[in-house]
Amino acid sequence: MVEKEDKKELMYNKDLLDDYINYLLRLFQNEDSRLNIIESKVSQLISQSGLIISIISFIIPLFYDKLNCLDLGFKIVLGLMFVLTIIFLGLAIFKASGIFKINKFKYSDCSVETLKKNFEKSENFKEEYISDLIYSINNNKALNNTKGSILIWANRFFIYGIYSLILLSFLLIIGYYFV
């Protein structure tokens, strides 16, 4: 038995209970698939951000000798762009990793407690099962929406990091060949 937010009784057409259950199971599986997609995208974003930070850290020393000869103002601009890029990518990782806080996201599912109840008829059990599914779907959908919002913010920081990396690369090329 799943705790219900509202205790009002839902009225079901007894002839359609199995159809309700099949429909709700489909919705439940859709939310479960949505969760897997969100978590997969977050994992990709975290790994790509880490990879880009590693590449930046590898490339900067290659330009070190040439960058030493540059004007101090240009070096400061390059340094700020480097720091800005790292901050944006770091924020993307930090924000994205927030969805893995298990205690913050309590997903619902059907419970063994429902089976421990003494149901006199199969209909009564199915009605309870339907109530459990409705509660679980609503709860899980809200949690997935929250995780999706976190993913959107993390993606924004990632995009800002990529743009600042492009600008940093452009400045490095200018500094290497033209200054």
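In which helix does Phe58 lie? Phe58 belongs to helix H1, which spans residues 17-62, where helices are DSSP runs (H or I) of at least four residues, numbered from the N terminus.

This is a predicted model, in which local features need pLDDT of at least 70 and side-chain atom pairs count only at pLDDT 80 or more, while totals for chains, interfaces and linings use all residues. Residues are numbered from 1 along each chain as its sequence is written, and side-chain values use heavy atoms, with hydrogens and water left out.

Two residues are set out below by accessibility, with buried meaning under 20% relative accessible area, exposed over 50% and partly exposed in between (1.4 Å probe, protein chains only).

| Residue | Relative accessible area | Class |
|---|---|---|
| Phe58 | 57% | exposed |
| Asn139 | 19% | buried |

Asn139 lies in helix H5, residues 122-177, and, leaving aside neighbours within four places in sequence, Asn139 is in contact (heavy atoms within 4.5 Å) with Lys106, Tyr107 and Ser108. The side chain of Asn139 reaches the backbone oxygen of Lys106 at 3.0 Å.

Definitions and conventions
Helices (H or I, at least four residues) and strands (E, at least two) are DSSP runs, numbered from the N terminus. A polar contact is a pair of N or O atoms within 3.5 Å; within protein, one must be able to donate a hydrogen and the other to accept it, and residues adjacent in sequence count only if both atoms are side-chain atoms.
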